[in-house]
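Please keep the sequence and the model in view while reading.

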Amino acid sequence: MSDKSKVTLDQIIEAIEADDNLGFCLACGAEAYNVEPDARRYTCESCGKPRVYGAEELLLMGVGI
Ligand SMILES: [Zn+2]
């Protein structure tokens, strides 16, 4: 199984700097709103999978690097 992410480090850094509770879905790459920076496994409104994470959490996980 590939670990390649649809979310880039640039997107994550931008979301953290904007400080507006933006998260990303690792399954489809969709942006999600009202997601706390440390959120984990929220359900994605686009694909329905529980793979939405907050921006800071994604950074800690090493996503996009
Ligand atoms: Zn999704």
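Among contacts in the protein between residues at least 6 apart in sequence, 34% join residues at least 24 apart. The structure is a predicted model. Its secondary structure amounts to two helices and three strands, which follow the pattern α-β-β-β-α along the sequence.

**Overall dimensions**

- The C-alpha trace of the protein spans about 30 × 25 × 15 Å along its principal axes.
- The radius of gyration of the protein is 10 Å, which agrees with the value near 11 Å that a compact globule of 65 residues would have.
- Buried residues account for 26% of the 65 residues in the protein.

**The sheet**

- The three strands form an open sheet in the order β2-β1-β3, and their pairing is antiparallel.
- Strands β2 and β3 are the edge strands, since each of them pairs on one side only.
- Strand β1, comprising residues 23-25, pairs with β3 over three bridges in the antiparallel sense.
- Which residue of β3 is the bridge partner of Phe-24? The partner is Tyr-53.

**The nonpolar core**

- The largest nonpolar core has 14 residues, and Phe-24, Val-52 and Leu-58 touch the most other members.
- At least two residues of this core come from each of α1 (9-18), β1, β3 and α2 (55-61).
- Val-52 belongs to strand β3. This residue is buried because 26 other C-beta atoms lie within 10 Å, and the threshold for a buried residue is 20 or more.
- Beyond the residues up to four places away in sequence, Val-52 touches Gly-23, Phe-24, Cys-25, Ala-32, Val-35, Tyr-42, Thr-43 and Cys-44.
- The C-alpha atoms of Val-52 and Asp-10 are separated by 17 Å, and these two residues are 42 residues apart along the chain.
- With neighbours within four places in sequence left aside, Leu-58 is in contact with Val-7, Ile-12, Phe-24, Tyr-53 and Val-63.

**A residue of the helix α1**

- Ile-13 is located in helix α1.
- Ile-13 and Gly-62 are 49 residues apart in sequence, and the distance between them in space is 12 Å, C-alpha to C-alpha.

**The loop between β2 and β3**

- Ser-46 lies in the loop between β2 (31-32) and β3 (52-54), and Glu-45 is found in the loop between β2 and β3 as well.
- Ser-46 is partly exposed, with 13 other C-beta atoms within 10 Å. Glu-45 is exposed, because 12 other C-beta atoms lie within 10 Å and a residue with 12 or fewer is classed as exposed.
- Which residues does Ser-46 touch, not counting those up to four places away in sequence? They are Cys-25, Cys-28 and Ala-30.
- Ser-46 and Leu-26 are 20 residues apart along the chain, and their C-alpha atoms are separated by 11 Å.
- Glu-45 and Cys-25 are 20 residues apart in sequence and 9.1 Å apart in space, C-alpha to C-alpha.

**Backbone angles with a positive phi**

- Most residues other than glycine have a negative phi.
- Asn-21 has a positive phi of about 55° although it is not a glycine. The position of Asn-21 is in the loop between α1 and β1, and this residue is partly exposed, with 15 other C-beta atoms within 10 Å.
- Asn-34, a residue other than glycine, has a positive phi near 60°. Where is Asn-34 placed? Asn-34 is in the loop between β2 and β3.
- Asn-34 counts as exposed because it has 10 C-beta neighbours inside 10 Å.

Conventions. Residues are numbered from 1 along each chain as its sequence is written. This is a predicted model: local features need pLDDT of at least 70, side-chain atom pairs count only at pLDDT 80 or more; totals for chains, interfaces and linings use all residues. Helices (H or I, at least four residues) and strands (E, at least two) are DSSP runs, numbered from the N terminus. Two residues are in contact if their C-beta atoms, placed from the backbone, lie within 7 Å. Two strands pair if DSSP finds at least two bridges between them. The radius of gyration is taken over C-alpha atoms; the globule rule is 2.2 Å times the number of residues to the power 0.38. A nonpolar core is a set of buried Ala, Val, Leu, Ile, Met, Phe, Trp, Tyr and Cys residues joined through C-beta atoms within 7 Å.
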